[in-house]
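User: I would like to learn how to read a model of this kind, feature by feature. Please give the general idea each time, then the case at hand.

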Amino acid sequence: NSFPLRSHFAMKPSLLLPFRKGNRTWLMLVAQAYMAHLFMCFIWASLFYAVDGKQWEDSQEAHMSVGSSAYDEALWMMFCVAHQLTFGEFVPQTKAGRAIVCLACFEAYWFQVLAVALVLVSQLAGERRVTILGVCRRFLKLAWPSFAAFYALVILLAVVLSAVEFDGDDGEQDTHLRHGFGTGIYFSWCVAHKVSFGEVIIRTPGGRTLTGVLDILGMLHIYWCLAMLGIRHVSTGQYRELLSELQEHPENTALLGAGYSIIDQEEVVIEMQAQMREDPAQNVEQVDAEGSPKRGSKDSNRPNRVVPEEELAAT
């Protein structure tokens, strides 16, 4: 039998806008975090322009400018870094500029993780009130060992990459800064945080292998942190409290998470209320496999009926 198409869509929430009242907290949190993220773009662009703007205006690449000033180009570059998308037409030309780019890469990488974490936590069961600072504190509390291990590996691989790939000679693609340990740190940091401008080129198989390892570590670390965030350690008392609230208010689906919703919630509530008003004595007697009332049921406290001898003889 084919299921009626109308009933099929009636039983499902909208696939385009499935978020009902009480399940839109994550949207406001992500919007607030993104506004702060865009504000940081202006901060990074201003700092970068202050230390690198003059050098770029005097360089040969100045003819590639689209904006009216170097600040416009710095703002465009930091906007691309904030969204982990760079084109390489405007690159840092000083050590201070590279340091600011590394900070912008760090902030952009962790903003992406935070945005996903806000959505994840807002859907979990038992979350009373989700805030941006609360999620950040939970990150630091649960995942700080992975932070330390991740950045220790990044620095270690950067040292090895500097020894393998960068020997101090000037690169063909980077005529502003000499390659060396600083270039290895800068390049490795950008790769691990999913940002690269293309001004530093890897030319050896060993260097490409290490770069691939850095890229994979930066990706897997995101998954690890999100998995750690989904783990909640609750006490026995908190667990019993959740069960008690579910028993007292079964219609309150928010206890199971904002993403848990009943399609026909009003009908379910009416049905539950009707069942509670019914006389328990009218329900079917609960018996076990031997025909005796189950322990804990109301009929288990009734005295056993004495069977007359006539009935025994008939059987």
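User: What should I know before reading any values?

Analyst: This is a predicted model, in which local features need pLDDT of at least 70 and side-chain atom pairs count only at pLDDT 80 or more, while totals for chains, interfaces and linings use all residues. Residues are numbered from 1 along each chain as its sequence is written, and side-chain values use heavy atoms, with hydrogens and water left out.

User: What is the mean pLDDT of the chain, and which elements have the lowest and highest values?

Analyst: Where pLDDT is low, the predicted coordinates should not be read in detail. pLDDT is the predictor's confidence in each residue, from 0 to 100. The chain has a mean of 75, with 63% of its residues at 70 or more. The pLDDT is below 50 over residues 168-175, a stretch with 15 contacts beyond near neighbours in sequence (contact means heavy atoms within 4.5 Å). Residues 281-304 are also below 50, with 18 such contacts in the model.

User: How many helices and strands are there?

Analyst: The chain has 10 helices and zero strands; these are DSSP runs numbered from the N terminus, helices being H or I of at least four residues and strands E of at least two. Of the contacts with a separation of 6 or more, 68% join residues 24 or more positions apart. Buried residues make up 31% of the 315 residues, where buried means under 20% relative accessible area, exposed over 50% and partly exposed in between (1.4 Å probe, protein chains only).

User: How do the axes of α5 and α7 cross?

Analyst: Two packed helices are described by the angle between their axes and the distance between the axes. The axes of α5 (residues 132-165) and α7 (residues 205-229) come within 10 Å and cross at roughly 175 degrees. Axes are lines fitted to C-alpha atoms, for helices over the stretch in contact, and angles run from 0 to 180 degrees between N-to-C directions. The two helices, α5 and α7, are therefore roughly antiparallel (under 35 degrees is roughly parallel, over 145 roughly antiparallel, 65 to 115 roughly perpendicular, the rest oblique). Their contact has 21 nonpolar, six polar and two charged residues. Ala, Val, Leu, Ile, Met, Phe, Trp, Tyr, Cys and Pro count as nonpolar, Asp, Glu, Lys and Arg as charged, and the others, Gly among them, as polar.

User: Where is Gln-84 found, and what is its phi?

Analyst: Most residues other than glycine have a negative phi. Gln-84, not a glycine, has a positive phi of about 55 degrees. Gln-84 is found in the loop between α3 (70-82) and α4, and is partly exposed at 25% relative accessibility. Lys-194 also has a positive phi, near 65 degrees. Lys-194 lies in the loop between α6 (181-192) and α7 and is partly exposed at 27%.
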